[in-house]
Amino acid sequence: MILEARSAGCFSWTYVLKANDRPIGKFEGQWLSESVTIDLTERRHLEFRKISWLGSQFQLVDLEDEGLLCECDRAGLLTSAWDLNLSVGAGQLVKPGWFDTSYEFVQSNETLARVDRLGWCERGFIVDGGDILTAEDLVMIGLVYHTIQNRQRRQHNNSGGAAAGS
């Protein structure tokens, strides 16, 4: 299965989700929070919920019954890897190479999914997860990647102003 999240417009915080080119829902980013609400077409609502204010722990929760679907946390302070617990069990989201923009979900030394940005000028991401992972797993992988990209963008924007005054 291939999950794609594409920005609805140039300045929009709304992303349209498609699974194998079929629309399945949307999510909207929030201005001051890393949490995200996902509205799926079958009237199902999920939340990518940040657990603590300072940490990097997230859970993907079904809002109907507050059921936990997936969870993740940073693998450590000096690594870009993330520990994910999906429907298939625990694994890591890791960068395959130093200059890669993509990440791979690896479990028992086997790559089960790959996530990358859509392109240089288009906001969003694409997750290729084969047939093993569920749609919720791919949403989780994509939203962790989305969070990583947003944090890198904010860090880059904040460091640019400090360097100019030096």
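**Ground rules.** I took helices (H or I, at least four residues) and strands (E, at least two) as DSSP runs, numbered from the N terminus. I am working from a predicted model, where local features need pLDDT of at least 70 and side-chain atom pairs count only at pLDDT 80 or more, while totals for chains, interfaces and linings use all residues. Residues are numbered from 1 along each chain as its sequence is written, and side-chain values use heavy atoms, with hydrogens and water left out.

**Entry: Gln107.** I started with Gln107, which lies in strand β10, residues 103–107. Is Gln107 buried or exposed? I call a residue buried under 20% relative accessible area, exposed over 50%, and partly exposed in between (1.4 Å probe, protein chains only). Gln107 has a relative accessible area of 17%, so I noted it as buried. Its side chain reaches the backbone oxygen of Ala90 at 3.1 Å. I list that as a polar contact, meaning a pair of N or O atoms within 3.5 Å; within protein, one must be able to donate a hydrogen and the other to accept it, and residues adjacent in sequence count only if both atoms are side-chain atoms. Leaving out residues up to four places away in sequence, I found Gln107 touching Val88, Gly89, Ala90 and Leu112 (contact: heavy atoms within 4.5 Å).

**Entry: salt bridges.** My rule is a side-chain nitrogen of Lys or Arg within 4 Å of a carboxyl oxygen of Asp or Glu. How many salt bridges does this rule give? The count comes to ten.

I looked up Glu104 and Arg114, whose side chains meet at 2.7 Å, N to O. Glu104 sits in strand β10 and Arg114 in strand β11, so this pair ties together parts ten residues apart in sequence. Glu104 is buried at 16% relative accessible area, whereas Arg114 is partly exposed at 36%.

Next came Arg44 and Glu136, a salt bridge with its closest N and O atoms 2.4 Å apart. This pair links distant parts of the chain, Arg44 being in strand β5 (residues 44–50) and Glu136 in helix α1, 92 residues apart. I have Glu136 down as buried, at 18% relative accessibility.

Then I checked Glu66 and Arg49, which form a salt bridge at 3.1 Å, N to O. Glu66 is in the loop between β6 (58–62) and β7 (67–74), and Arg49 is in strand β5, 17 residues apart. Glu66 is partly exposed at 46%, and Arg49 is partly exposed at 22%.

I also noted a network of salt bridges that links Glu4, Arg6 and Glu122.

**Entry: Trp120.** I found Trp120 in the loop between β11 (110–117) and β12 (124–128). Trp120 is exposed, with a relative accessible area of 77%. From Met1 it is 119 residues away in sequence and 23 Å away in space, C-alpha to C-alpha.

**Entry: the largest pocket.** On a 1 Å grid over the protein atoms alone, I take a pocket as an open set of points where a 1.4 Å probe fits, with protein on both sides within 12 Å along at least five of seven lines; lining residues have an atom within 4 Å of a point. The largest pocket has a volume of about 500 Å³, a volume being the space filled by probe spheres set on the points. Among its 17 lining residues, Trp13, Gln30, Asn150, Arg153 and Arg154 are the closest to its centre. Which element gives the most to the lining? Helix α1 (residues 135–164) does, with six residues.
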